[in-house]
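Trainee: Could you walk me through this one slowly? I would like to begin with the aromatic rings.

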Amino acid sequence: MHCMTLTRKIEPLHVLLLLSGLAAILFAATPARAAWRFDAQRYQNSAHGDLSCAECHENVSDQLQQGLHPAPERVDRELHEFFTQDTCTTCHPDVRDNLAAGTHGGLDVRDPERYERCYRCHDPHTKGAPADLVPVSDPLADMAEEDAACMRCHHAPLDVVDEKAAAASTREFCMGCHDAEKGLENAPLIEGAAYDATPHAGLDCLICHRGADAYPHTRQKPANCEACHDRHDEGVAHDAHMTVACQSCHLGNARPEKHPEAELVLWKTETAPGSISMVHDLRWKDEEACGRCHVKANTVGAVGLTLPPKSVICLPCHAATLTATDTVSALSLLAFFGGLLLVLGVYFSASLPGGGSPLTKLPRLLGGALKTLFSARIVPVAKALWRDVLLQDRLRKRSRERWIIHSLIFLPFVFRFVYGLAHAGRQPLVRGLGHLPGHGGQEQPHHRLAVRRQRPVHPCGRDPGLAQRLGRGQG
């Protein structure tokens, strides 16, 4: 009994020590991101804020004079390939001595080699900076001129106040290598005027190209359209296109390709080093996009001939909102409504017992229909509809073979029609009208910049890691 009591008293102490150790690991050591840009204000308030850039990056001045900075051949390297511990131990010599003695930060070290890369735990540009800094308008004003020259390219505020200014700063940084007029010869180039005409010209490059300002540059993840855009619903994209990547339709020079193992239609563009890249040539509505897949002898398994989108003939089998953007559907609807007018004309032209004007005939007809509906006379009417219309009993009595053939054709359409009515509320007609001329015409983009860092979603609505495993199209 005494031992059990003692154990209960010690357990909270063990839990407290464990939580303290975890907190020390999670919060005391801030892992450094191998980024090319960082917040200048946080750096000035960090432990290294009183040091100049050249004290750690002493070889950059020579590289600038030789035209080797920025160095495009190094953008795909890992940080550990050119980091040396000497950069840190020049000012922190006791760290190497303590590691040799088997301690670091007051803790025992069993494997000193694991501590050779200081940046794994210590960010040299933000270590010791307060987390509640109030952003200033010009963080470069108090810096020395040589350091301010570095930060004109390498400054990236973490607390974005003016998104337009941040986007302009990022664009200037990216265009230092990718501008068609002054960029690097072996990098994909972008024409500034052509890029300004694209839908995303005003956005920060890092919204789509996340991690592009860090090592390794050329192994960044493909852009995820669903980080900002909602997927088309089935009424717009149709069920056959739910596994087609966004860029296959919306990127001007994309070439759709079907993955050999998965039921996905991916995309690919080819840009030679030093040539103009058209990967930003995105279009909200491209009438020629259908012809990339729907041609004879295509390689993605698409049909060579397509009906007008969401036409009347498609609705019995495919759930969609009705639109009439093609001539055939428009003429069909006109003929349908014309027939309705003729039927109404017959009703109004017929005489009723007791006479009356045409305006009084319709209420009398509706009243008679309602009386029949709520009277015993509805029973034989319902039986006739059930047996002779739905089950086609008269046809069965004449020919059982013809009845089987007609039932196999007719009943699936009836079932699909009833199913479509049951789900019609999920896709209201107003949504379809948004794509008609005079109701917005083109589908406009809607960016959610405030949530652009939410969960990654595969452009085909599948597993977030599937794009990497399947080898997503290259831009």
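This is a predicted model: local features need pLDDT of at least 70, side-chain atom pairs count only at pLDDT 80 or more; totals for chains, interfaces and linings use all residues.

Trainee: Okay, so how many aromatic pairs does the structure hold?

Mentor: There are 5 aromatic pairs in the structure. In one of them, the ring centres of W36 and F173 are 6.2 Å apart and the planes stand at 50°, so this pair is tilted. It links distant parts of the chain, because W36 is in the loop between α1 (2–28) and α2 while F173 is in helix α8 (residues 163–178), 137 residues apart. Helices here are DSSP runs of H or I with at least four residues, strands are runs of E with at least two, and both are numbered from the N terminus.

Trainee: Are W36 and F173 buried or exposed?

Mentor: Both W36 and F173 are buried, where buried means under 20% relative accessible area, exposed over 50%, and partly exposed in between, using a 1.4 Å probe and protein chains only.

Trainee: And what about F38 and Y43, how are their planes set?

Mentor: The planes of F38 and Y43 are at 65° with the ring centres 5.8 Å apart, so that pair is edge-to-face. F38 counts as buried at 14% relative accessibility, and Y43 is buried as well, at 7%.

Trainee: Which residues form an aromatic cluster?

Mentor: W36, F173 and Y215 form one aromatic cluster. R37 also lies over the face of F173, at 5.3 Å from the ring centre; a charge sits over a ring if NZ of Lys or CZ of Arg is within 6 Å of the ring centre and within 35 degrees of the ring normal.

Trainee: Changing topic, where is Q41, and what does it touch?

Mentor: Q41 is placed in helix α2 (residues 40–44), and at 12% relative accessibility Q41 counts as buried. Not counting residues up to four places away in sequence, Q41 touches L133, V134, P135, V136 and P139, contact meaning heavy atoms within 4.5 Å. A polar atom of the Q41 side chain lies 2.8 Å from the backbone oxygen of V134.

Trainee: Which residues of helix α7 are buried?

Mentor: In helix α7 (residues 145–154), the buried residues are D147, A148 and M151. Seen down the axis of α7, they fall within an arc of 100°, so they line one face of the helix; that arc is taken from the directions from the helix axis to the C-beta atoms. The face turned away from the buried side carries the exposed residues E145 and E146, and what covers the buried residues includes α2 and α3 (53–56).

Trainee: Last topic, how many salt bridges does the count come to?

Mentor: The count comes to 14 salt bridges, a salt bridge being a side-chain nitrogen of Lys or Arg within 4 Å of a carboxyl oxygen of Asp or Glu. One of them joins D196 and R171, whose closest N and O atoms are 2.7 Å apart. This pair links distant parts of the chain, with D196 in helix α9 (residues 192–196) and R171 in helix α8, 25 residues apart.

Trainee: Where do D393 and K397 lie?

Mentor: D393 and K397 both lie in helix α16, 4 residues apart, about one turn of the helix, and their side chains meet in a salt bridge at 3.7 Å, N to O. D393 counts as buried at 10% relative accessibility, whereas K397 counts as exposed at 60%. Salt bridges that share partners join R387, D393, R396 and K397 into one network.

Technical notes:
Residues are numbered from 1 along each chain as its sequence is written. Side-chain values use heavy atoms; hydrogens and water are left out. A polar contact is a pair of N or O atoms within 3.5 Å; within protein, one must be able to donate a hydrogen and the other to accept it, and residues adjacent in sequence count only if both atoms are side-chain atoms. Rings of Phe, Tyr and Trp (its six-membered ring) pair if their centres lie within 6.5 Å; planes under 30 degrees apart count as stacked, over 60 as edge-to-face and the rest as tilted.
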